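Visitor: Could you take me on a close look at a single part of this structure, and then show me how the chain around it is put together?

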Amino acid sequence: MTTTRVLTGITTTGTPHLGNYVGAIRPAIAASQQPDVEAYLFLADFHALIKNQNPDEVAQSSREIAATWLALGLDPEHSFFYRQSDIPEITELSWILSCSAAKGLMNRAHAYKASVQANEAAGEDPDFGTTMGLFSYPVLMAADILIFNAHRVPVGRDQIQHVEMARDIAQRFNHHYGPIFTLPEAVVDDHVAILQGLDGRKMSKSYGNTIPLFGTPKQLQKSINKIKTNLLEPGEPKDADDATVFQIWCAFADEAERQQMRQAFADGIGWGDAKRQLFERVNDELLPARERYERLMADPGQLESILQAGAARLRPQSSALMERVRDATGLRPYR
Ligand code: TRP
């Protein structure tokens with residue numbers, strides 16, 4: 001059996017919400033359980049510094065996200081779960097790759113281009129507020145991927161370009177120094193649900209329309225009650241396909257339950273009733289994980305040792321690769 005190395009990073013900013021769970025966490029954990037897959041899942045905390053320079057928020061978010069993934073069933077013994085900042089070879093490789101990465105390629109990265117365009121529109125200097133971190137973000141991401149010679153990199157659409165850049169950088173390096181790196185491929189899952197938020201748009205922190213994953217049941221109920229609906233009364237037939245309540249229901253229900261709810265909408269279920277059922281369904285699914293989450297958040301030492309163990313298992317691999325890279329590039333001991 002050949003194993004495929006599947007690697008993905010989670011930028012540690014913000015607090016995880018239902019959209020993250022349905023769109024990223026749940027499918028990634030399921031994929032990590034496949035027998036022919038070696039899963040590398042890491043907390044991209046160096047990347048977090050690009051977006052957030054508040055130390056307490058950075059620390060808190062990293063801890064919450066680590067606890068979230070473990071609480072939801074990521075098995076740290078049968079996958080590699082680690083913090084980017086615990087693998088020093090990643091930053092070392094990042095520098096070396098930056099010497100193979102064309103600046104013109106980085107100029108075309110979406111995040112940087114968007115910032116330049118916004119500055120130009122505002123009549124500012126094009127690079128106003130741009131750090132070198134934002135500019136070289138794709139090089140660090142290439143190092144994340146190439147350090148473990150990942151085959152496949154599951155990402156959202158916005159990240160495809162970055163994986164292609166990693167491939168490009170790897171190709172240039174290999175061409176110049178010899179075949180060291182595996183060329184990674186981006187994988188985008190078109191079937192993964194993009195959850196709607198409270199206002200019916202995509203659930204996203206930047207829209208402020210999220211439902212937090214591990215609030216108290218009361219908070220969950222309150223959020224669900226805020227989901228936008230129309231003014232139809234109980235007894236009036238409702239269009240399930242037009243309802244965020246139904247869309248979220250579908251992300252948590254099996255096929256039979258979806259059919260039942262679709263029928264209930266046609267039969268005129270009241271919004272309050274539909275929301276109560278949605279709350280119960282989501283709460284039931286998350287309840288055991290919430291308890292694990294709370295235990296992990298209350299025991300930072302345990303979280304820390306899980307992550308340290310993850311890094312310790314990987315360092316032999318990352319060091320061996322870095323040794324080859326150093327040798328290939330001529331950074332050799334004198335002899
Ligand atoms: N940039 C990715 C994001 O914002 C996170 C990330 C960092 C990543 N390094 C990675 C994803 C390496 C895949 C592979 O979503």
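Guide: Happy to. Let's settle on Glu64, which sits in helix 3, the stretch covering residues 55-71. Keep in mind as we go that this is a predicted model.

Glu64 is a buried residue, yet it forms no salt bridge. The nearest side chain of opposite charge is that of Arg63, and it lies 8.0 Å away, whereas a salt bridge needs a side-chain nitrogen of Lys or Arg within 4 Å of a carboxyl oxygen. As for what Glu64 does touch, leaving aside residues up to four places away in sequence, its partners are Gly14, Thr15 and Pro16, together with Tyr293 and Met297.

Now let's step back to the whole chain.

Contacts and burial come next. Of the contacts between residues at least 6 apart in sequence, 79% join residues at least 24 apart. Glu64 is buried, as are 44% of the 335 residues in the chain.

Finally, the surface and the charges. The accessible surface comes to about 17,300 Å², with carbon and sulfur atoms holding 51% of it.

Notes: Residues numbered from 1 in each chain as written. Predicted model: local features only at pLDDT ≥ 70, side-chain atom pairs only at ≥ 80, totals over all residues. Heavy atoms only, no water. Helix = DSSP H or I, 4+ residues; strand = E, 2+ residues; numbered from the N terminus. Buried < 20%, exposed > 50% of the residue type's maximum accessible area, 1.4 Å probe, protein only. Lys, Arg positive; Asp, Glu negative; His and termini not counted. Contact = heavy atoms within 4.5 Å. Areas by Shrake-Rupley, 256 points an atom, 1.4 Å probe, with all protein chains shown as cover.
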